[in-house]
Amino acid sequence: MSDRDQPSTPMSAEEQKAYQARQKHRAIILAALLGFMVVLFYLITIVKIGSGS
Amino acid sequence: MTTASQTIQGLASAKDLFALTKPRVMSLVIFTALCGMLAAPGTIHPVIGFTAILAISLGAGASAALNQWYEADIDAVMKRTQGRPLPAGRMDRETALHFGIGLSVFSVLLMGVAVNWFSAAFLAFSIFFYAVVYTIWLKRSTPQNIVIGGAAGAFPPAIGWAAVTGDVTLMPILLFAIIFFWTPPHFWALALFVNSDYSKAGIPMMPVVAGRQSTRKQIFGYSLILAVVAIAPFALGLAGQVYGVASIVLSTIFSVFSWQVGRSTTTRPDDMAAEKRLFKFSILYLFALFAAVVADRMIAA
């Protein structure tokens with residue numbers, strides 16, 4: 001984990017929990033987007049191969 | 001009142017990153033780009049067509065993020081924009097800048113790899129135009145900001161067209177011109193009844209610099225140019241009768257509403273019924289006109 005991912009001031013337990021929840025939420029969305037892009041690039045490749053370009 | 005989740009430092013929420021792309025503006029971009037694509041001669045594989053629309057949308061979102069990165073100070077002053085992630089303090093500027101640049105690069109590469117490099121270059125230019133020419137250069141320096149900046153919003157249908165054909169001909173140039181000449185009456189009508197906000201932010205919007213009456217006259221003038229440009233595809237034989245009837249009817253109504261704005265002398269925003277009517281109709285006008293382009297093309301095919 002880089003320094004930027006760490007909060008600059010100490011957080012309370014509540015803030016720490018909210019921070020981790022947000023990290024998790026972002027990670028889930030990023031994973032879903034990456035999965036979507038994998039499928040999309042697979043389909044693009046199939047179409048490109050099919051059209052011979 | 002802020003919650004713990006709103007004050008988390010250095011970690012913008014996914015919702016705020018999404019808000020940074022101005023999703024409502026993006027819907028118009030998607031629609032006009034799709035219309036440009038569907039109106040173009042030739043065919044495009046649905047997967048490639050979807051990817052082109054996605055790339056154009058991401059490019060528009062990137063432009064919006066870079067716009068908000070640069071304009072955080074202005075947004076903080078205006079009531080309409082105070083709730084955006086940056087002025088509300090839910091995100092730092094660096095995050096917005098990185099997100100905007102990252103999304104820009106990704107959208108252009110996606111367009112180039114999946115569709116064609118001509119439309120990718122076109123997309124890159126449109127992002128540059130909106131983020132640099134409009135946002136950084138013109139918006140704060142000239143009351144013509146909206147006129148030139150309108151070009152940035154006018155690129156999507158031409159890019160959509162280029163995604164199919166790999167080039168740009170007279171018809172996509174006219175589609176570009178329609179949005180270009182539509183933008184001043186649309187935004188100035190809004191600027192007339194939210195005038196105080198733009199004044200407060202120090203933006204040289206036409207009503208602030210030239211006054212309301214001059215702006216109203218210019219709105220009417222632009223509506224006449226818009227009518228000529230909108231009817232041109234039919235007059236030049238580039239579109240059929242469906243588009244011809246739609247463009248004549250819609251442009252006539254637009255011109256009448258603009259004429260009513262031109263005659264108005266009211267200074268109180270609450271009394272600006274003509275301006276509000278024109279603003280609302282201008283949105284319907286653009287959607288209906290572009291839908292007519294597609295309907296006409298479908299019928300002809």
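**Salt bridges in chain B**

Okay, let's start with B:Arg268, which comes out as partly exposed, at 47% relative accessibility. Keep in mind that this is a predicted model. B:Arg268 makes a salt bridge with B:Asp270, 3.6 Å from N to O.

B:Arg216 and B:Glu275 form a salt bridge, and their closest N and O atoms sit 2.8 Å apart. Where are these two in the chain? B:Arg216 is in helix 11, residues 212-235, and B:Glu275 is in helix 13, residues 273-300, so to speak distant parts of chain B, 59 residues apart. Are they buried or exposed? B:Arg216 is buried at 0% relative accessible area, and B:Glu275 is buried too, at 1%.

Last one: B:Glu71 with B:Lys139, a side-chain salt bridge at 3.3 Å, N to O. This time we're looking at loops. B:Glu71 lies in the loop between helix 3 (46-70) and helix 4 (72-77), while B:Lys139 is in the loop between helix 6 (117-138) and helix 7 (145-165), so the pair ties together parts of chain B that are 68 residues apart in sequence. B:Glu71 is buried, with 1% relative accessible area. B:Lys139 has 11%, and that still counts as buried because the limit is under 20%.

And how many salt bridges are there over all chains? The count comes to 7. That's it from me, happy to take questions.

Key:
Residues numbered from 1 in each chain as written. Chains lettered and ligands numbered in written order. Predicted model: local features only at pLDDT ≥ 70, side-chain atom pairs only at ≥ 80, totals over all residues. Heavy atoms only, no water. Salt bridge = Lys/Arg side-chain N within 4 Å of Asp/Glu carboxyl O. Helix = DSSP H or I, 4+ residues; strand = E, 2+ residues; numbered from the N terminus. Buried < 20%, exposed > 50% of the residue type's maximum accessible area, 1.4 Å probe, protein only.
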